[in-house]
Amino acid sequence: MLFSWQGGPRPRQLLLWLLLLANWETGSGQLHYSVLEEAKHGTFVGRIAQDLGLELAELVPRLFRVASKTHGDLLEVNLQNGILFVNSRIDREELCGRSAECSIHLEVIVDRPLQVFHVDVEVRDINDNPPMFPESKKRIIIAESRPPETRFPLDGASDADIGVNSALTYRLDPNDYFALDTQNSREQMSSLSLILRKTLDREEIQEHSLLLTASDGGKPELTGTVQLLITILDVNDNAPEFYQSVYKVTVLENAFNGTLVIKLNATDPDEGTNGDIVYSFRRPVSPAVVYAFTINPNNGEIRTKGKLDFEEKKLYEISVEAVDKGNIPMAGYCTLLVEVLDVNDNAPEVTITSLLLPIREDTSPSAIIALISVSDSDSGSNGQVTCTLTPHVPFKLVSTYKNYYSLVLDSALDRESVSAYELVVTASDRGSPSLWATASVSVEVADVNDNAPEFAQPEYTVFVKENNPPGCHIFTVSARDADAQENALVSYSLVERRVGERALSSYVSVHAESGKVYALQPLDHEELELLQFQVSARDAGVPPLGSNVTLQVFVLDENDNAPALLTPRAGSAGGTVSELVPRSAGAGHVVAKVRAVDADSGYNAWLSYELQPAAVGAHIPFRVGLYTGEISTTRTLDEIDAPHHRLLVLVKDHGEPALTATATVLVSLLESGQAPKASSRALAGAVGPEAALVDVNVYLIIAICAVSSLLVLTLLLYTALRCSAPPTEGACAPVKSTLVCSSAIGSWSYSQQRRQRVCSEEGPPKTDLMAFSPSLPPCLGPAEGTGQREEDSECLKEILEELPHCLPQWLN
């Protein structure tokens, strides 16, 4: 801003008026400054930060910046003191031409929070352009017959400045024949003419050379000159004349080529060739006129030639001359003013300036996303623009200043629902028909960690065979996080706890990235049937979110324990049993019973008994029950039987492969006089055979009911396990299901009673779960053959024979 402190009180009053004007404009929301053109670099313009009410310490943190759409480098702000100063040369004529008003519009933007201010800096004119004539020499031909007071139009000078600096005055070198006349028409046009003061005499003076000087009203004034070379001809003494000196016409800017603008008509009172008129544009002819119009030299018709554009030029001033064809040509002159009328031929322009992209999904509504400016080169209603936004989006347009809008967030965002928006801003003018333009802006929604990882189901069941190799992969957990990038990067870990006296991490581990669960050591079904634990999934967001999933790992049994023989009484060792049998014993007499248990379960603990082939002979009157282990006589003993027999009984389970144990039974035959005292069982049989038969029937009924109940319970448990156990991947070995025949009845006297430990999260391992492993034969299909069915009948017969002896023990 230009100030002057010299010259008395008037400059001080001017300064006070300018300060009051600046304060009033600041309060109204827009600042106005002024600066002289051609001001030096660093010239003070205004204290913009202070006038906007901003603290100097806030300028840098809040990203204070000044932007201009087309003249961003002319003015700059010192962020240290908040002063707006001239940054580069400002040429008002280059910036605004001859427009009466010239200003630079600045947008002042600060962030955190975002604010936009508008500043207009008026560029004031200085007298830096001298008047300029179209030519340095002007040749004029005048017939000597022209009467005094005849006017000869001259091309005036032009001054690029405005106001007083462009107010031109003319003076002509003193002479006796010519004078200068300047007139202003009602259209504020300056008409410069050369007036003939007295009759010319070509024989006295053939040529006049005069210097025409134009001076502007600036201080100091600047001048321009043109040399007038006036040639006197002695011929045709009547010049063509137009009916009007100034013609006004209008034409639409979308007029087709060849459209008639006007037909000029000049008259010449001379006859013959002296009255024939040729029309032309008076030189020098503006390039814009040559491009846009043509004139017919014979009839004076002026038509359009090139494309007219109201936005480029609204008014054409055309000088036309009519010259006759006399020996000494004479010319008449007129001025044609062609006004170009605007049509709606320019669509609006939309400019989008991004300020806050991408936008976080937790951004609060009313936040400013981008700045939008619209413009239309047309005028009137054709240049009035309205702006709309794509419907059904969480954004809206807010008008801030004239054709400036802010793109504002209107409602909450959710990246997981919509991760990006394609917004279309449509600008329409009010012309008829209306023209419109669109601009697209892609708004990407940045992720916020607002979703925890989720597992497909809250609990998984896994089956693993015991004796697995260390580091065996048993399962893979997988959680999905709806967020993106690091917020969706999931890592897995164990929820540590105690399993008995040991830490959970000594049994299993989980890979942090893949979620693969590994068994760190061989698992033992006899020690641990169920291992229940939790795996935690956490994302990498800040703060991290997570969830847990429960894994139930069932350890399946393998045949890794051989049958173990039970010592029937004290003193027996090494699997050898000695028994005494009287020779009077009949067929079916029980000699001994081999007892064995197996630490495994299911088929792996189902035991069968058989005599070794080496001990089988035609003269040995003994056999062993296939599933009972009872050694009994096959016939009545006689005198020819050897007194001592060594029986080898092979005990075998039904695992794959089967494991065995061998028991040795030494049987000694005694003579009748040496027979031991009858057992209580034999005495009971001798005293009351009828009562014993009744007891057997009762026991048989109870056994059948017990076995039936156990069968139903087994089938229900099996069905529940099959339905609740989904197929799992990652088990160390395939699981083979075992089906036990419901029609086979085994002896419970050789079942194994075991304690099972089940590990869960509720507390220490429990030892009060009892499991029995009955020695039951497998189910047989119809295609097994007759031999197998006979063997099953034999087996059933042995079981029924044994029931009366076993039931009292069970009931007790």
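These notebook entries record what I looked up in this structure, which is a predicted model.

**Entry 1: the disulfide**

I began with the cysteines. The count comes to 1 disulfide. Cys96 and Cys102 form this bond, with their sulfur atoms 2.0 Å apart. I then looked up its handedness: the torsion about the S-S bond of Cys96 and Cys102 is about 70°, so the disulfide is right-handed.

Next I looked up how accessible these residues are. Cys96 has a relative accessible area of 21% and is partly exposed. Cys102, at 4% relative accessibility, is buried. I also noted two further cysteines. Cys387 is buried, with a relative accessibility of 14%. Cys705 has a relative accessible area of 46% and counts as partly exposed.

Where does Asp91 lie? I found Asp91 in the loop between strand 5 (83-86) and helix 3 (92-96). Its relative accessibility is 17%; buried means under 20%, so Asp91 counts as buried.

I then listed the partners of Asp91. The side chains of Asp91 and Arg89 are joined by a polar contact of 3.1 Å. Leaving aside residues up to four places away in sequence, Asp91 touches Glu37, Glu38 and Asp128.

I turned to a sheet in which 4 strands are arranged in the order 1-7-6-3. This sheet is open and its pairing is mixed. Which strands stand at the edges? I noted strand 1 (30-36) and strand 3 (65-67) there; each has a single partner strand, so one side of each is left without a neighbour in the sheet. On average, neighbouring strands of this sheet are turned by 30° against each other, direction ignored.

I followed strand 1 to its partner. Strand 1 and strand 7 (residues 115-124) run parallel and are joined by 7 bridges. As one point of reference, I recorded that Leu31 has Val119 in strand 7 as its bridge partner.

I examined strand 30 (residues 420-429), along which the side chains alternate. Tyr421, Leu423, Val425, Ala427 and Asp429 point to one face and are buried.

Which strands pair with strand 30? I found that strand 27 (residues 385-389) pairs with strand 30 in the antiparallel sense, over 5 bridges. In this pairing, Leu389 stands opposite Val425. A hairpin through 6 residues connects strand 30 to strand 31.

**Entry 2: salt bridges**

Side chains of opposite charge can pair when their charged atoms come close. How many salt bridges does the structure hold? I recorded 15 salt bridges, and I looked up several pairs individually.

In one of them, the side chains of Arg151 and Asp181 meet at 2.4 Å, N to O. Arg151 lies in strand 9 (residues 151-154) and Asp181 in strand 11 (residues 178-184), so the pair ties together parts that are 30 residues apart in sequence. Arg151 is partly exposed at 39% relative accessibility, whereas Asp181 is buried at 16%.

A further salt bridge is formed by Arg282 and Asp155, whose closest N and O atoms are 3.1 Å apart. This pair links distant parts of the chain, 127 residues apart. I located Arg282 in the loop between strand 19 (277-281) and helix 4 (287-292), and Asp155 in the loop between strand 9 and strand 10 (169-172).

I next took up Arg360 and Asp362, which form a salt bridge with their closest N and O atoms 2.9 Å apart. Arg360 counts as partly exposed at 45% relative accessibility. Asp362 has a relative accessible area of 45% and is partly exposed.

Lastly, I returned to Asp91. Salt bridges that share partners join Glu38, Arg89 and Asp91 into one network.

Note on methods. Residues numbered from 1 in each chain as written. Predicted model: local features only at pLDDT ≥ 70, side-chain atom pairs only at ≥ 80, totals over all residues. Heavy atoms only, no water. Disulfide = S-S within 2.5 Å. Buried < 20%, exposed > 50% of the residue type's maximum accessible area, 1.4 Å probe, protein only. Helix = DSSP H or I, 4+ residues; strand = E, 2+ residues; numbered from the N terminus. Polar contact = N/O pair within 3.5 Å; in protein donor to acceptor, adjacent residues only side chain to side chain. Contact = heavy atoms within 4.5 Å. Pairing = 2+ DSSP bridges. Axes fitted to C-alpha atoms, helices over the stretch in contact; angles between N-to-C directions. Salt bridge = Lys/Arg side-chain N within 4 Å of Asp/Glu carboxyl O.
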